[in-house]
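Please keep the sequence and the 3D view at hand while reading.

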Amino acid sequence: MNRNEIVECEECELTETCRMPVPYAGRNELNVFIIGEAPGREEDEKGKPFVGESGKALKKAAFKAGIDIWKDCHITNMVKCRPPGNRTPEKGELSACFSKWLGREFVESNPKHALLLGKTAAETLLPFTSIGHGGKLKLKGIMWYFLYHPSYWLRRGGDVWVEDNVLPYLREWGEAWKQR
Ligand code: URA
């Protein structure tokens, strides 16, 4: 699967309202995944995930924790298209996009560590579990980690809040897979 295939997707109605589907980025062959919800406005314009405000917050926090997200991780979203008005993706859209793309990303890159950002990712991929901010669990050979979405970090007040409430978990996450 290459990125161009995703860009040409016409699988669900979201492809009709977004500017373009946004494929995964970073190092797709790596087995460390970061999974968000959906592209936002800037991602929709640029065709790359996590390049808007949330992405900048993620990149900055990860960098402080010793992680270069673009070099160290496969970065992707539950759905590849921006939902109209940034609404939450619907169940049908989530399952269509999983069957068509994200499921194949899992098969091809065989993640061992997956960081889920926000509850759409957690509730869709781990439906029978309840995992809270900073939580982790091992399931189906994958170590899953969960953090609130970076848009929430920004709403909580940015740097100071992130320092205390996100960095310790990001450091722990990085340490776990850097030993691989
Ligand atoms: N939020 C996400 O969940 N994904 C992006 O790519 C950008 C913002």
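What percentage of the contacts in the chain with a separation of 6 or more is accounted for by residues 24 or more positions apart? The share is 74%, where contact means heavy atoms within 4.5 Å.

## Basis of the model

This is a predicted model, in which local features need pLDDT of at least 70 and side-chain atom pairs count only at pLDDT 80 or more, while totals for chains, interfaces and linings use all residues. Residues are numbered from 1 along each chain as its sequence is written, and side-chain values use heavy atoms, with hydrogens and water left out.

## Overall form

The chain contains 10 helices and 6 strands. These elements are DSSP runs numbered from the N terminus: helices are H or I runs of at least four residues, and strands are E runs of at least two. Along its principal axes, the C-alpha trace spans about 40 × 35 × 30 Å.

The radius of gyration is taken over C-alpha atoms, and the globule rule is 2.2 Å times the number of residues to the power 0.38. For 180 residues a compact globule would have a value near 16 Å, and the 15 Å of this chain agrees with that. Buried residues make up 52% of the 180 residues; buried means under 20% relative accessible area, exposed over 50%, and partly exposed in between, with a 1.4 Å probe and protein chains only.

## Strands around β3

Two strands pair if DSSP finds at least two bridges between them. Strand β3 (residues 74-77) pairs with strand β1 (residues 25-26) in the antiparallel sense over 2 bridges, and G26 stands opposite H74. With strand β2 (residues 32-36), β3 pairs in the parallel sense over 4 bridges; here I34 has I75 as its bridge partner.

In a regular strand, side chains alternate between the two faces of the sheet. In β3, H74 and T76 point one way and I75 and N77 the other, and all are buried.

Helix α1 (residues 3-7) includes I6. This residue counts as buried because its relative accessibility is 0%. Although I6 and P23 are 17 residues apart along the chain, their C-alpha atoms are separated by 5.8 Å. Leaving aside neighbours within four places in sequence, the contacts of I6 are M1, P21, P23, Y24, K80 and W101.

Rolling a probe the size of a water molecule over the atoms shows where empty space is left. On a 1 Å grid over the protein atoms alone, a pocket is an open set of points where a 1.4 Å probe fits, with protein on both sides within 12 Å along at least five of seven lines; lining residues have an atom within 4 Å of a point. Grid points are joined across faces, edges and corners, and a volume is the space filled by probe spheres set on the points.

The largest pocket has a volume of about 790 Å³. Of its 31 lining residues, E37, A38, T120, H149 and S151 are the closest to its centre. The largest share of this lining, 4 residues, comes from α7. The second largest pocket has a volume of about 220 Å³. Its lining includes F98, F106, P127 and W144, and α6 gives the most to that lining, with 3 residues.
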